[in-house]
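Visitor: Can you walk me through the packing here? Aromatics, then cores, then a helix.

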Amino acid sequence: MTTKNTAGPARAQPTRVRRPGRRYPSDLDDEEWAVLEPLLPPVRAGGRGRPAVHSRRAIVNAILYIDRAGCAWRYLPKDFPPWRTAYGYFAAWRDDGTLQRIHDQLREAARTAAGRGPRPTAAVIDSQSVRAADTVPRASRGWDNAKKVNGRKRHIAVDTAGLLLAVVVTAASTQDRDGAKPLLQNLRRAFPGVKLTWADGGYAGKLVAWAATTLKLTLEIVKRPDDLHTFQVLPRRWVVERTFAWISTHRRCVRDYERLPASHEAMVLWAMIALMTQRLAQAQ
């Protein structure tokens, strides 16, 4: 189901303050760059062995600007590398596994810094429908009748601290239970130690038995009380709702502009990378 509100003892996203050397609020400051730089591959050399023209920091800042500001690639300010160059790195890191690796390493570091083990043993899942722009092909979009949204739906799994474990993007017409199957399969494959997952009532029914039989995973439904007529924080569910709120501070994730579902998944990963990089820099 679509989640809109945050609740519970949520940890607010760190405020972006202006620091020397940061031109835009989305730019990485020196402490944040020190966290992220060791995880990045070297910049590709130019043609015929020429040295690369643009630094990795400039490339990352350009991608983060697009993700946070929500503008089109062609509207990237001129003091960044050319938009085609920035997009080239965005697509290459999306497709060759670099982006996923960076995200996962940051998540393990963030969990360790918070006093947790690097690998989770429990998760929370939910979905959120977002409207699609005219750049989204008809074949990968759909109508979510419950939320009256024409677009795509992102299905996510998070740990008990709200850090992203897996994301799958489908047409908004995809039922939550159907979208949960590839999400849970990816979760189980990447995190075999996860034995328990919480979900809301939209996932009740055959999915619970399928998860137990096929994945050997316990899917526990956190139901909303039938007599509840006012707002109330529901156990576990508020964690994933807070993560959706974190993601939605990045305007490129508020609406789907991507031709490929994989690109929207990448924008979600970049949003979480920005959050975790800030946290780790502040913890040092």
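Visitor: Trp73, buried or exposed?

Guide: In this predicted model, Trp73 counts as buried, because its relative accessibility is 8%. Buried means under 20% relative accessible area, exposed over 50%, partly exposed in between (1.4 Å probe, protein chains only).

Visitor: And Phe90? Buried or exposed?

Guide: Phe90 is buried, with a relative accessible area of 1%.

Visitor: What about Tyr65?

Guide: Tyr65 counts as buried at 17% relative accessibility.

Visitor: How are the rings of Trp73 and Phe90 arranged?

Guide: Their centres are 5.3 Å apart and the planes are at 50°, so the pair is tilted. Rings of Phe, Tyr and Trp (its six-membered ring) pair if their centres lie within 6.5 Å; planes under 30 degrees apart count as stacked, over 60 as edge-to-face and the rest as tilted.

Visitor: Which parts does that pair tie together?

Guide: Trp73 lies in the loop between α2 and α3 (83-95), and Phe90 in helix α3, so the pair ties together parts that are 17 residues apart in sequence. Helices (H or I, at least four residues) and strands (E, at least two) are DSSP runs, numbered from the N terminus.

Visitor: How many aromatic pairs by this rule?

Guide: The count is 8. One of the aromatic pairs is Tyr24 and Tyr65, edge-to-face, at 5.1 Å centre to centre and 70° between the planes.

Visitor: Cores now. Which residues touch the most other members of the largest nonpolar core?

Guide: Leu36, Val60, Trp93, Leu106, Leu164, Trp270 and Met272, out of 55 residues. Helix α9 (residues 261-283) gives the largest share of this core, 13 residues. A nonpolar core is a set of buried Ala, Val, Leu, Ile, Met, Phe, Trp, Tyr and Cys residues joined through side-chain atoms within 4.5 Å.

Visitor: Last topic, α5. Which residues are buried?

Guide: Asp176, Gly179, Ala180, Leu183, Leu184, Leu187 and Arg188 are the buried residues of α5.

Terms used. Residues numbered from 1 in each chain as written. Predicted model: local features only at pLDDT ≥ 70, side-chain atom pairs only at ≥ 80, totals over all residues. Heavy atoms only, no water.
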